Amino acid sequence: MADVTQLRFFTLVILTCYVYSDDPHPIIDVCRQKSPCLCEYSNGDFVDLTSLSNDNDTEPRFKDIPSEIFGGAKYSWNPCHLFSEGECANVTMCEVIAGAPIPKYVPIGNMMNAKFDHNEVNGDLQLQYGITGEENRTAYLILFCDKTQEGQFIVKGEEPAGSGKYYFELHSKHTCRFTTSPTISNPDSGLSAGSVIGIIIACLIGVYLLGGMAYQKINGATGKEIIPNYPFWSAVGSSIKAGVVYVFTCGRKSEYDEIDEKQRINQQPQQI
């Protein structure tokens, strides 16, 4: 009886952990990165910036866009293909600082370091770029869905000055969620760690069942007894059922439990 009680408690703990750890309504629906220009939501919707990018290495789609807040600098960006401008060679984003006799070109975004994530303040989808080296720089591009815009690149600039952190906005119909599957240039076809673990567990269970059934058959077992460790698994199944019933009934006894209890009492030998 004590073993059955422990099994019920164990089942209840597992169910509780599952309910609270796998919330079907997360606060933020994460858009998981598939390529430097594309991410996918849990329901299969996509955000794809491929149509906004120039596919050559000479001219960025958005070139020398001035800051709306801070003067003295302009910024160029090409979402999905590298470009070169001045001393910015093979970059995704470049800062152009006015100067005499020639302007200064500062790389602030590399496509290989592109990362889709969500803004810490409001949870909006954003695209983040990084440049590592002597001066670490990070560019944050917040993506706003605007079905009336092909692509409006808004520059906020470096804030605060000298921090190496740059802020931008993109208002475009291409940042909206689409259900049609786009062409993925760099698909992530590998299995996740969870999928690999699930496959390994399924294989182990299959080997256990087939090997155990063969062993039981050789030893003359028939019917349900051919299942390896049948008494144990039968008790586990009953305990899981009892645990599920306990969770959904909040511990209240059902009429079937009362009937079973009366039958057990009636089956007990009467003392004279």
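**Strand pairing, aromatic contacts and a surface patch**

Cys 37 is buried, as its relative accessible area is 4%, a value under the 20% limit that defines a buried residue. In this predicted model, Cys 37 belongs to the loop that runs between strand 1 and strand 2. Leu 52 stands 15 residues away from Cys 37 along the chain, and the C-alpha atoms of these two residues are separated by 9.6 Å.

Strand 1 and strand 2 (residues 38-40) run antiparallel and are joined by three bridges. Within this pairing, Arg 32 has Glu 40 of strand 2 as its bridge partner. In general, the strands of a sheet pair through backbone hydrogen bonds, in either a parallel or an antiparallel manner.

A further set of pairings involves strand 8 (residues 93-97). Four of the five residues of strand 8 are buried, so this strand is largely enclosed by the rest of the structure. Strand 8 pairs with strand 5 (residues 73-77) in the antiparallel sense, over five bridges. In this pairing, Cys 94 of strand 8 is the bridge partner of Ser 76. Strand 8 is also joined to strand 9 (residues 104-118) by five bridges, and these two strands run antiparallel. Here Met 93 has Gly 109 of strand 9 as its bridge partner.

Contacts between aromatic rings were examined next. The count comes to seven aromatic pairs. One of them is formed by Phe 62 and Trp 77: the ring centres are 5.5 Å apart and the planes stand at 10°, so the pair is stacked. Because Phe 62 lies in strand 4 (residues 62-66) and Trp 77 in strand 5, this pair ties together parts that are 15 residues apart in sequence. Both partners are buried: Phe 62 has a relative accessibility of 7%, and Trp 77 has a relative accessible area of 0%. Tyr 140 and Tyr 167 form another stacked pair, with 5.3 Å from centre to centre and 15° between the planes. Tyr 140 is located in strand 11 (residues 137-145) and Tyr 167 in strand 13 (residues 165-172), so this pair ties together parts that are 27 residues apart in sequence. Tyr 140 is buried, with a relative accessible area of 16%, whereas Tyr 167, at 29%, is partly exposed. Ring pairs also link Phe 62 and Trp 77 with Tyr 75, Phe 153, Tyr 166 and Phe 168 into a cluster.

Nonpolar side chains are found on the surface as well. Val 196, Ile 200 and Leu 204 form a nonpolar patch there, and together these residues have about 270 Å² of accessible area. Val 196 lies in helix 2 (residues 193-218). The relative accessibility of Val 196 is 36%, so this residue counts as partly exposed.

How values were computed:
Residues numbered from 1 in each chain as written. Predicted model: local features only at pLDDT ≥ 70, side-chain atom pairs only at ≥ 80, totals over all residues. Heavy atoms only, no water. Patch = residues over 30% accessible without salt bridge, like charges linked within 9 Å, V, L, I, M, F, W, Y side chains within 5 Å. Areas by Shrake-Rupley, 256 points an atom, 1.4 Å probe, with all protein chains shown as cover. Salt bridge = Lys/Arg side-chain N within 4 Å of Asp/Glu carboxyl O. Buried < 20%, exposed > 50% of the residue type's maximum accessible area, 1.4 Å probe, protein only. Pairing = 2+ DSSP bridges. Phe/Tyr/Trp six-rings, centres within 6.5 Å; stacked < 30°, edge-to-face > 60°.
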